[in-house]
Amino acid sequence: MSRPVTPPAADRADGSPVRIGTLAPLTRPGWAQAGHHLLAGLELAVSEVNDAGGIVARPLELVVRDTAADPRRAAAAVDELAGLGVAAVAGEYHSVVARAAAARADAVGLPFLCSSAVLDTLTEQPTDWVARLSPPQSRGWQVYADFLLGAGHTRIAVATQPSVYWASGTRILRDRLAPRGGTVIELDMSALTPTAVCDALVGHRATALLLLVGHPEPAVPIVRSVRRDQRLAEIMIGAPAGQPEFAEWATLLGDDGAGIPFLRYLPERFSPLGARVETALRERLAEAPSFVALEGYDTVAVLADVLRSHGPDRRRIAESWACVAVEGTRGQIRFTRTPGISVWQWAGPPIQVVDRDPAEPDRFRILRTG
């Protein structure tokens, strides 16, 4: 590390809290349900850490900031949290927002453990200040592309909006599909209505439509329009970014929201720890927890282990990523340097392609693992 760092307050034995800055989209236009699941996982883990005695007799405390899916707001929050003396920053769901937070954390010398954002390039240059739990987009979306090919889809349309994240996803899909005879057709949703999307799908003879767009708008209207077009009765709708994971999707779309494959990051079978945490989160949320809630829990599990071993000094936290070996809800967490990824990366998070069962939309079917 070459950048000078202003460390937080020195280790103390006076019982003052060890503070962790927390970023999450808790209001619109952010995906608020994802943000609340993320925060629920973080808070559950903090309560368990404190019930077990805290960090060397000091309580762990979250200092929460709502990013509302705004990269500038996230960057400003990192500056504020650094000034408040937090030991590290954690969280965030939206990839473009996490990228802004990671860049700022790198600039000010503040450790950032990214919980749930997948964009490969979180920072322009390699950094020791940032680590990530969620798999990089390239890995997950390649698994999704393999699923499409395995299901017989080679003419694939993507309904997309201007975004670094969606553009990256389209490129990953095209690079994976093209050598195997697959074609990716881009439909620009800044110029098309949902009805026009249906006409384009018929014209291009697409067999699959992927929703690379925001939720609920325009994802929900697109699904409704395609489902009601008799010309498209056989087309598969997919959502690799995970929109159908949350209960809000089923509430808005009902049966129309079933049978839409998406990516999520859960094992086929929970360990005893994962099962216990899943049950506790279900009670806390009053609904089935998403994988994002478990990512939140694992984030605190990692930071608590690092803080116990290395203390709250920012530089020592950032230097400790290579030493992490923590049992998380979804497997053993270790960080490595991965080619093409600029941050410390958990190389082994589980990946699934799943959908909501049309016969029972509250039940998920595992279609592929990777």
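**Exercises on salt bridges and helix packing**

Arg176 has a relative accessibility of 25%, so Arg176 counts as partly exposed. The model is predicted.

**Exercise 1.** Which side chain meets Arg176 in a salt bridge, and at what N to O distance?

*Solution.*
- Step 1. Arg176 pairs with Asp146, with N to O at 2.9 Å.
- Step 2. Arg176 sits in helix α5 (residues 164–177) and Asp146 in helix α4 (residues 137–150), so the bridge ties together parts 30 residues apart in sequence.
- Step 3. The cut-off for buried is under 20% relative accessible area. Asp146, at 14%, therefore counts as buried.

**Exercise 2.** Find where Arg365 and Asp355 lie, and classify each as buried or partly exposed.

*Solution.*
- Step 1. A salt bridge joins the two side chains, at 2.7 Å from N to O.
- Step 2. Arg365 belongs to strand β16 (residues 360–369) and Asp355 to strand β15 (residues 352–357); they are 10 residues apart.
- Step 3. Arg365 is partly exposed at 31%. Asp355 is buried at 3%.
- Step 4. Back to Arg176: salt bridges with shared partners join Asp146, Arg176 and Arg180 into one network.

**Exercise 3.** How do the axes of α9 and α10 lie relative to each other?

*Solution.*
- Step 1. The axes of α9 (residues 272–285) and α10 (residues 291–310) come within 10 Å and cross at roughly 115°.
- Step 2. Angles of 65 to 115 degrees count as roughly perpendicular, so α9 and α10 are roughly perpendicular.
- Step 3. Their crossing is right-handed.
- Step 4. Residues of α9 including Leu273, Arg276 and Leu281 meet Ala293, Leu294 and Tyr297 in α10.
- Step 5. This contact has seven nonpolar, no polar and two charged residues.

Note on methods
Residues are numbered from 1 along each chain as its sequence is written. This is a predicted model: local features need pLDDT of at least 70, side-chain atom pairs count only at pLDDT 80 or more; totals for chains, interfaces and linings use all residues. Side-chain values use heavy atoms; hydrogens and water are left out. Axes are lines fitted to C-alpha atoms, for helices over the stretch in contact, and angles run from 0 to 180 degrees between N-to-C directions. Helices (H or I, at least four residues) and strands (E, at least two) are DSSP runs, numbered from the N terminus. Angles under 35 degrees count as roughly parallel, over 145 as roughly antiparallel, 65 to 115 as roughly perpendicular and the rest as oblique. A crossing is left-handed if the near helix is turned anticlockwise from the far one by less than a right angle, and right-handed if clockwise. Contact means heavy atoms within 4.5 Å. Ala, Val, Leu, Ile, Met, Phe, Trp, Tyr, Cys and Pro count as nonpolar, Asp, Glu, Lys and Arg as charged, and the others, Gly among them, as polar. A salt bridge is a side-chain nitrogen of Lys or Arg within 4 Å of a carboxyl oxygen of Asp or Glu. Buried means under 20% relative accessible area, exposed over 50%, partly exposed in between (1.4 Å probe, protein chains only).
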